[in-house]
Amino acid sequence: MANIRLENVTKRFGDVTALDDVSLEIKKKGYNVVVGPSGCGKTTLLKVMAGLLKPESGRVLVDGVDVSTTPPEEREIGFFFQNYALFPHMTVEENVGYPLRIRDVPEEERLKRTHEVLEMVGLAGWAGNYPRELSGGMQQRVALARTLSFKSRVLLLDEPLSALDAKIGFILRENLSKLAKKLELTVVHVTPNQEEAMDLGENIIVMRKGKIIQTGTDYEVYTKPATPFTAYFLGESNFMAARKSGEQTGEWNGIKINVDKSLASENVLLSARVEKVLFEKRGKNTFKGVVESINFLGQTIRYEVNVHGKTFVVQTSKHPNIKLGDEVHVHIPPSEIKVFEDVDAADYNLGFD
Amino acid sequence: MPDIEIKNLTKKFGDFTAVDKINLRIADKEYVTVLGPSGCGKTTMLRMIAGLLKPNSGDILIDGKSVLETPPEDRNIGYLFQNYSLFPHMTVKQNVGYGPLMEGLSGGEADMISIKMLKLVRLLERAGYMPATLSGGMQQRVALMRSLAAGTRILFLDEPLSSLDPKVGVKLRYEIQKTARKLDLTVIHVSHDQQDALSISDRVVVMKQGRIVQAGSPKDIYFRPSTPYVSYFIGESNFLEVKQVGDGEVSFKGKTIKLAEPAKKGRLVVAIRPERILLENKLENTFDGVVEKSNFLGSTTKYLIKVGGYTFKVQTAKHPELEKGDKTRLYLPPEDIMQFSGFNLEEELRIM
């Protein structure tokens, strides 16, 4: 358990500013997930915490102590990075127990701990094998187990589940979350996967272009996105670039959209979660469209509806009897529409890259 | 009319049987996804059909003709891999036009095809760019069009979304599906991701240890899985080891569960999807439970709910209302309970 603080950290690689005056506090205990697209600076953030990268400016504090000049091995921070390397001449068990051995943990405890984490990553039966006898995904799980074997003050995980089979990643999410709870770890987990972030994160830190866009609980960032980017990146939203046409009305695509608050600016960006849009004919905010695409997702079905030439997405856990080419009514409850004012011009094209 | 048929296809590597007497027929214009964990033989099967690997036995027919003696380049199959390897020194347009040029078309004709293909994936304005200046998702779209530009009607996709950011991968999968429809392609897509398989396929083929476990429409696979493995690998399920007590009744931890159909004979496991369990109180099939964990996932909330010594997974689209320690009731609708008879559950659920 520890508290980590970053104060005004800036890190550049040549012309690229990977971290742009970032300040962040990771509170004691709990599962923190940093989420953002490739190149947003999330791995750099983790490396600065670990001490593997030195920022141009700013400070890193662990439990109130400035560790900016402390080398990584003295920070007592456990980390897993994607370019992990296992010791080829050591068995799986020896690899995983290594951090404990160099810290003189008694053999009995070492073996107990080693087996516990190997169990967690589903490799208990491979303890005596050498890394070369394992698949790439299994080697990655060994490296993760090695990181977890030693109970460090803080655990930094850089995309620990990314290259694994989807189902195995899913199972390991559950196991990681249980282990973190049990050992009362402070975890900072970096991922580009928003589903993984929502599943694991108690606190979520959304990054974009070297900056932190929003931090909050999973519930806060999902239901109260501070920027269109958060609404875009976590879950799926329909965006409507609208022009104010009344106190609480905007016009999008020739359609009047009612919201439940007053609009301040002339141009606003409205967003509605795909699961909050309904196939119903219900007064205001109801418009017609034609079903263009239907995708079965198991728990839910995703529909793309063409509304006056623009695509609107509706996702529902009900299984309505709607077919390709059907004309449907789509309703957005005004209370489910988020209003973003003073939007960056580039954000009008979110998701069109 | 490219339909593909494989008969008793087998591939061994030493003692290890990677593909074990597989039979499968893929219809013209069908989009088939082969789904399974690493090492299940799905890529080996694809490589044999493409001619990149020789089978030990069995036959592969395209349009009714055996292609075992046909070299890969003459099988007329477009192939897209996980790592989009575009030619770095060629523009986007040149990359896409490369195939047609090699087929002997003129530069002008190759350009025309390239422009048409790039338009389909909304990348025409990037035609003159070099690959390195494009995002990963864009590069994979270019690679897709390059694999199709020579006019092939068969497309093989080997985990084409794995190396992309998930957000980008999800967008691209819908793009691939639309492209396949527009160009009337016959597609075999290999994936370990159940979401990709369910969402864009006409048919899903589930593999395990070199064999096909089940092949069917996405809805069949999801709602009528043939084995516990299928219902575990695709989506999630609560598995209960039960005993038959009446005609349509089983008992679980001393409680009776009603089924919609007669209970199957033999060693019986019943299963129910987390989103099919309702937090309601009914006369039958209702359990008292205590919330162990409440996890907000965005569009849904997932609960772990303890009933006796068993933990149910329950997922609901309603907002999180329950917290750890809260008491609740769980209702298992009989029509949503699946039955599996004669399986060793532990064996079925071992995938790691």
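A pocket, as the word is used here, is an open set of grid points with protein on both sides within 12 Å along at least five of seven lines. In this predicted model, the second largest pocket holds about 1000 Å³ of space. Its lining is made up of 34 residues, and those nearest the centre of the pocket are A:S317, A:K318, B:T316, B:A317 and B:K318. Sorted by class, the lining of the second largest pocket comprises 14 polar, eleven nonpolar and nine charged residues.

Helix 2 (residues 92-101) of chain A and helix 3 (residues 107-120) of chain A cross at roughly 125 degrees, and their axes come within 9 Å. On the side of helix 2 of chain A the contact is made by A:V92, A:E93, A:V96, A:G97, A:L100 and A:R101, while helix 3 of chain A brings A:R110, A:L111, A:R113, A:T114, A:H115, A:V117 and A:L118. Of the residues in this contact between helix 2 and helix 3 of chain A, six are nonpolar, four are charged and three are polar.

In chain B, helix 2 (residues 92-102) and helix 3 (residues 107-120) pack at an angle of about 120 degrees, with 8 Å between their axes, and helix 2 and helix 3 of chain B are therefore oblique to each other. Their crossing in chain B is right-handed. Among the residues that make the contact are B:V92, B:V96 and B:L101 of helix 2 of chain B, together with B:A110, B:I113 and B:L118 of helix 3 of chain B. By class, this contact in chain B has nine nonpolar, three polar and two charged residues.

Helix 2 of chain B also packs with helix 4 (residues 136-148) of chain B, at an angle of about 25 degrees and with the axes 6 Å apart. Because angles under 35 degrees count as roughly parallel, helix 2 of chain B is described as roughly parallel to helix 4 of chain B. Here B:V92, B:N95 and B:V96 of helix 2 of chain B meet B:V142, B:M145 and B:R146 of helix 4 of chain B, a contact with four nonpolar residues, one polar and one charged.

Terms used
Residues numbered from 1 in each chain as written. Chains lettered and ligands numbered in written order. Predicted model: local features only at pLDDT ≥ 70, side-chain atom pairs only at ≥ 80, totals over all residues. Heavy atoms only, no water. 1 Å grid on protein atoms, 1.4 Å probe; cavity = no way out; pocket = protein on both sides within 12 Å on 5 of 7 lines; lining within 4 Å. Points joined across faces, edges and corners; volume = space filled by probe spheres on them. Nonpolar A, V, L, I, M, F, W, Y, C, P; charged D, E, K, R; others polar. Axes fitted to C-alpha atoms, helices over the stretch in contact; angles between N-to-C directions. Helix = DSSP H or I, 4+ residues; strand = E, 2+ residues; numbered from the N terminus. Parallel < 35°, antiparallel > 145°, perpendicular 65-115°, else oblique. Left-handed = near helix turned anticlockwise from the far one by under 90°. Contact = heavy atoms within 4.5 Å.
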